[in-house]
Every structure is written in structure tokens, then in C-alpha cells.
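I set out to record how the secondary-structure elements of this chain pack together. The entries were made with the sequence and the model side by side.

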Amino acid sequence: MPIIATVQQKGGVGKSTLAGNLAAELLSLGHRVAVVDADPQHTLLTWAGLGNGVLAHITRALDATKPRQFMAEVEALAAKVDRVVLDAPPGLRDAALLAALVADAVLLPCGPSPFDLVAARQALDLVREAQAQRGGPPKIFLVPCRVTPTTTLGRDLPATLAEFGEAVLPAIAQRAVVAQVALTGQTVAEAAQHTPAGAEFRALAEALEKAL
């Protein structure tokens with residue numbers, strides 16, 4: 001079953017936020033979902049531990065510093081569910097490459113700043129390296145994240161990312177409600193489904209499902 005990894009070489013672009021909320025949306029679409037936190041900072045595990053939301057029941061940590069064991073554990077988990085969402089650590093090239101080597105699809109979140117775009121290009125090169133090693137997958141999807149639609153940078157980000165030559169999924173705006181629900185251990189799908197943020201994450205999950 002599809003393994004979906006979120007990969008970036010820069011922190012602060014919403015990678016773990018994307019992973020957790022995407023997992024919840026996939027659950028709401030009727031899939032059996034498991035979440036793998038491969039980031040040594042354990043952002044997703046911390047988030048899950050803040051309450052009794054869905055992430056508390058489907059999230060586990062796996063050690064990406066042990067490549068063979070890590071890949072075997074992810075693949076074994078994928079055999080038991082419909083979707084695995086794997087959050088790779090930022091800044092750790094080997095771990096991010098490992099995530100790309102085991103994934104069926106990689107989501108590259110990118111913010112609107114020039115530094116975010118540079119980091120996205122670096123992450124894209126890394127995932128393409130994994131494609132070359134495997135001779136095929138993973139599929140690559142760019143995700144505009146933390147976008148402020150009222151700014152020129154925010155409005156232009158999807159078109160800018162399209163120039164990278166890969167598919168671009170629906171954008172996720174910078175919204176306070178996303179952080180507010182996370183403070184209670186919940187996801188947007190659970191606590192803010194009928195908000196603009198809920199519509200955005202649902203649109204992203206549905207677009208990804210169609211592309212897979």
C-alpha cells in the first residue's frame with residue numbers, strides 16, 4: 001500500500017504539520033493509516049501526546065539511522081494498513097534519502113521565502129537521486145505551505161513551484177487554527193473540519209489520492 005513521505009532539508013516549512021493533518025484526512029476518507037515519526041525531534045509524537053486525538057493511536061517512532069531495519073519496519077507496517085505517512089527529519093540527508101527510497105510518493109512542502117525555495121530545490125534533487133537508484137518511484141509532489149494569499153509571494157508560489165517540473169498539490173495557507181488545534185493534540189480534520197483550513201487539507205488529500 002502507498003507509503004507517503006514528507007521530506008524537506010529545511011525546518012519551519014510545515015513538514016510535520018502537513019504529515020499529521022494529511023494522515024487525519026486520509027483516515028476520514030476511510031483508509032487505515034499509520035504514521036511514522038522518523039524525526040529525532042519527534043514533533044509528531046509530541047503533538048500526539050498533547051491529547052487523545054487520532055494521532056495518539058496511529059503514530060510511532062522508527063529509527064532511520066539503521067537503514068535496513070528501518071526500511072523493513074516501514075514495509076511491514078505498510079502491509080497492515082492502506083496508507084503510511086512517514087515524516088522524515090529535516091537537515092539529515094541520509095535519513096531523507098532513505099525515506100525517499102522506501103516511499104511510493106514524496107511530498108515536498110515549501111514556503112514562499114527565497115530560502116524555502118532553495119531548500120525545496122535541494123530536497124527535490126535528493127528525491128530525484130532516489131528515483132535514479134530505484135529506476136522509478138517515488139512520485140514527487142510539491143506542496144505550497146504557510147502561504148499568505150494576500151501577498152504577492154504567496155499568490156505566486158504555486159506557479160513558481162510548477163517551474164520545478166513536478167506536480168503541485170493544492171496550497172495550505174498560514175492559519176492560526178492549525179496551531180491552535182495541535183495544542184490540544186488534535187488535527188484540523190478533527191477539530192476544525194468546517195473551516196478554510198479544513199477545506200484546504202481535504203482538497204490536498206483528495207488531490208493526492210487522485211494522483212496516486
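Predicted model: local features only at pLDDT ≥ 70, side-chain atom pairs only at ≥ 80, totals over all residues.

Entry 1: I found an open sheet of 7 strands in the order 3-2-4-1-5-6-7, with parallel pairing. I then looked at the edges, where strand 3 (59-61) and strand 7 (167-168) stand; each has a single partner strand, so one side of each lacks a neighbour in the sheet. For one pairing I went to the level of residues: strand 2 (residues 33-37) and strand 4 pair in the parallel sense over 5 bridges. I noted that Val36 has Leu86 in strand 4 as its bridge partner.

**Entry 2: a helix on the sheet.** Which strands does helix 10 touch? I listed strand 1, strand 4, strand 5 and strand 6 (139-144). The direction of helix 10 makes about 165° with that of strand 6.

**Entry 3: helix 1 against helix 10.** I described this pair by axis distance and angle. The axes of helix 1 (residues 15-28) and helix 10 (residues 196-211) come within 9 Å and cross at roughly 75°. An angle from 65 to 115 degrees counts as roughly perpendicular, and the two helices are therefore roughly perpendicular to each other. From helix 1, I recorded Thr17, Leu18, Asn21, Leu22, Glu25, Leu26 and Ser28 in the contact. Helix 10 meets them with Gly198, Phe201, Arg202, Leu204, Ala205, Leu208 and Glu209. By class, the residues of this contact divide into 7 nonpolar, 4 polar and 3 charged.

**Entry 4: helix 5.** How many of the residues of helix 5 (residues 93-102) are buried? I found 7 of the 10, so helix 5 is largely enclosed by the rest of the structure. The buried residues are Ala95, Ala96, Leu97, Leu98, Ala99, Ala100 and Val102. I next looked up what they pack against: strand 1 (3-6), strand 4 (83-87) and strand 5 (105-110), together with helix 4 (67-78) and helix 6 (114-134).

**Entry 5: Glu200.** I returned to helix 10, in which Glu200 lies. Is Glu200 buried or exposed? Its relative accessible area is 16%; the cut-off for buried is under 20%, so Glu200 is buried. I looked for its surroundings and found contacts with Ala171, Ile172, Ala173 and Arg175, leaving aside residues up to four places away in sequence. With Arg175 there is also a side-chain to side-chain polar contact of 2.7 Å.

Technical notes. Residues numbered from 1 in each chain as written. Heavy atoms only, no water. Axes fitted to C-alpha atoms, helices over the stretch in contact; angles between N-to-C directions. Helix = DSSP H or I, 4+ residues; strand = E, 2+ residues; numbered from the N terminus. Parallel < 35°, antiparallel > 145°, perpendicular 65-115°, else oblique. Contact = heavy atoms within 4.5 Å. Nonpolar A, V, L, I, M, F, W, Y, C, P; charged D, E, K, R; others polar. Buried < 20%, exposed > 50% of the residue type's maximum accessible area, 1.4 Å probe, protein only. Pairing = 2+ DSSP bridges. Polar contact = N/O pair within 3.5 Å; in protein donor to acceptor, adjacent residues only side chain to side chain.
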